[in-house]
Amino acid sequence: MFTRGLRLHARRVECGRARESRSPNGRWTVFVRDHNLWLRDETGAEVPLTRDGTADNGYAVDPMFGRRRPFMGVDGAVASPVVQWSPDGSKLLTHRMDERDVEVLHLVESTPASARRPMTHTCRYPMPDEPGQPKAYFVVVDPERRTVTPSTGDPVHTPYVSPVTWGRVWWSSDGETVYYLDPERFGRCLRLIAVDAVTGRSRVIIEEHGKTRVEPTQIMADPAMVHLCGNGELLWYSQRDGWGHLYRYTPSGALINQVTRGTWAVRGILHVDEEDGVVYFSASGLVSSDPYLRQLCRINLDGTGFARLTDDVDDHVARISPLGSYLVDTASRADKPPLVVVRDLVGRVVVEVARADVSALVREGWAPPERFTVKAADGVTDIYGTLWRPYGFDPNLRYPVVDHIYPGPQSHRAPQNFENNYTGEAEAFAALGFAVVAIDGRGTPGRSKEFHDASYGRLGDGGGLDDHVVGIIELGRRYPWLDTDRVGITGSSGGGFAAVRAVLAHPDFFQAGISVAGCHDIRQYLSFWGETYHGPWDPESYRVAANSELAGNLRGKLLLVHGELDDNVPHYQTLGLVDALIEANRDFEMLLVPGVGHHMLHREGYVIRRRWDFFVRNLMNALPPSGYRLADIPFC
């Protein structure tokens, strides 16, 4: 489900050897051994810092879900210790991850390379409404004194990954206080907690409640927008006014002022010049033609002096220079290759660094995708998407359409810029001769709070499937070469759910669907997902969101793909749907891939080929070539 979350997690794994964490001052190295945190000093001597860790109650580890054991085991990857060092390296924050009350999940590896008999893999896996959930008990470690001081605060609900892994922990510049974000179980309260690094005393600095989820970012995997100023003041991101803006607080947590405001959303803090009292940030919603395009801006911390550093129709991704004097800005659009420049702090271009050359792509038949706008199913709301024309495009032909879906609601799908993690697969289908669309329906993030909240309590809508249908129909009127009588849909994880939901909820529109690692029933998925994005447990609401409830509606072609060692979305999700389809006497295809997890590592080539062939047969009514093999993508 959390494709981008995998990339976040991958920052803390490395292939082939155990990972360690070295202090910024170079004096100390910490690592995990036998579920405890160990220390190695400058002489090479090793000592345990904790001694009471156990397999289900260990130190400096993510919850079992976050460790992604099958994913890591395939490539021999080992997780880093989950720690956050103080700036001077004299202390670190970590936690004991208590999963003793979490129910277990069993996965059977049918064809292990090291044994003749199948092997059972067991992990702790929390589901909605279950009382047992992973809890992180924070501690502050002093390597010099060999002390481990527990925080006096409550444990943090941690069903996904640790706040440390997630980048939601910050030390004060003097190393005396460490701060972390604490979301309550159902995501409708977010707290900023401060811990005294010497005494462990914990106190709540900021606490915000909402009727739906309260989040520190627009996109779940983006860096949380919390900034600690040297004078103790805090910048805090909130959607309390219906958009997404920055607020300034005193060190004790009293609101000073709202820093940004308007019918647009702050997307990331780039730099805070505390001496001049200025914050530099990116924001979307400032370009009238596309609310997802990000612009670079600045504003005084007192809320005055707002100015745009860029004033164009490009999407901007920027980094601040080490001394805070320049911005390295990458500008692009879905149809415009990246241009990298250095800007000064008033937005003037100092030097052009690089300009992407796509001539080799063009020679291979590539053409840039195009952004489009259509009305949502309500007839009022503008929704946006991206369209890839088939390679060798001929406007006199009619092309089948592939909806390349991921429903969020923690990320959006249709790329507004040139660099996007999902475009490779869409390009591949275009190269095969399909027209491909990606649409961000109502309920996906990146815009207003109201737009995002359309998905809350409605995960069964699959990211606005009604919007997808009317959007593709409108595109068909606009472009007669789109054959809207031949529409397929494909997605992975949450997209796998949405692909099945589409062919079941709209059987007269979607003729074929491919679901990879689909999360077909949120009652059996990770508690974080349903409880945060659908709401607290309600048996009826959760039931109607399950794809099995609509199994009898299947009339088109359906391919279900799942890895047997998927510890993110267990393959039982697909088997539960299969059981309902059999009960309804419906025909479908299924591929259960032995020995792989959520991302099909070392079997991607075969799975991709099967997906291509399925649409070629069922949307093009053609026979795919036989005997070809795709190479797998190396992970390390």
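Helices (H or I, at least four residues) and strands (E, at least two) are DSSP runs, numbered from the N terminus. This is a predicted model, where local features need pLDDT of at least 70, side-chain atom pairs count only at pLDDT 80 or more, and totals for chains, interfaces and linings use all residues. Residues are numbered from 1 along each chain as its sequence is written, and side-chain values use heavy atoms, with hydrogens and water left out.

**Helix α5**
- Gly433 follows α5 and has a positive phi, near 110°.
- α5 spans residues 423-431, and its buried residues (under 20% relative accessible area, 1.4 Å probe, protein chains only) are Thr423, Ala426, Glu427, Ala428, Phe429 and Ala430.
- Their cover includes strands β32 (382-388) and β34 (435-440), along with helix α12 (604-619).

**Nonpolar cores**
- A nonpolar core is a set of buried Ala, Val, Leu, Ile, Met, Phe, Trp, Tyr and Cys residues joined through side-chain atoms within 4.5 Å.
- The largest one has 40 residues, and Val437, Ile489 and Phe510 touch the most other members.
- Helix α8 (residues 494-505) gives the most to this core: seven residues.
- A second, separate core of 26 residues includes Trp388, Val516, Val596 and Phe615.
- Beyond four places in sequence, Val437 has contacts (heavy atoms within 4.5 Å) that include Phe372, Trp388, His404 and Leu475.

**Asp467**
- Asp467 sits in helix α7 (residues 465-478).
- Asp467 is buried, at 1% relative accessible area.
- Leaving out residues up to four places away in sequence, Asp467 touches Ala376, Ala377, Ile383, Gly441 and Arg442.
- A polar atom of the Asp467 side chain lies 2.8 Å from the backbone nitrogen of Ala377.

How values were computed
Buried means under 20% relative accessible area, exposed over 50%, partly exposed in between (1.4 Å probe, protein chains only). A polar contact is a pair of N or O atoms within 3.5 Å; within protein, one must be able to donate a hydrogen and the other to accept it, and residues adjacent in sequence count only if both atoms are side-chain atoms.
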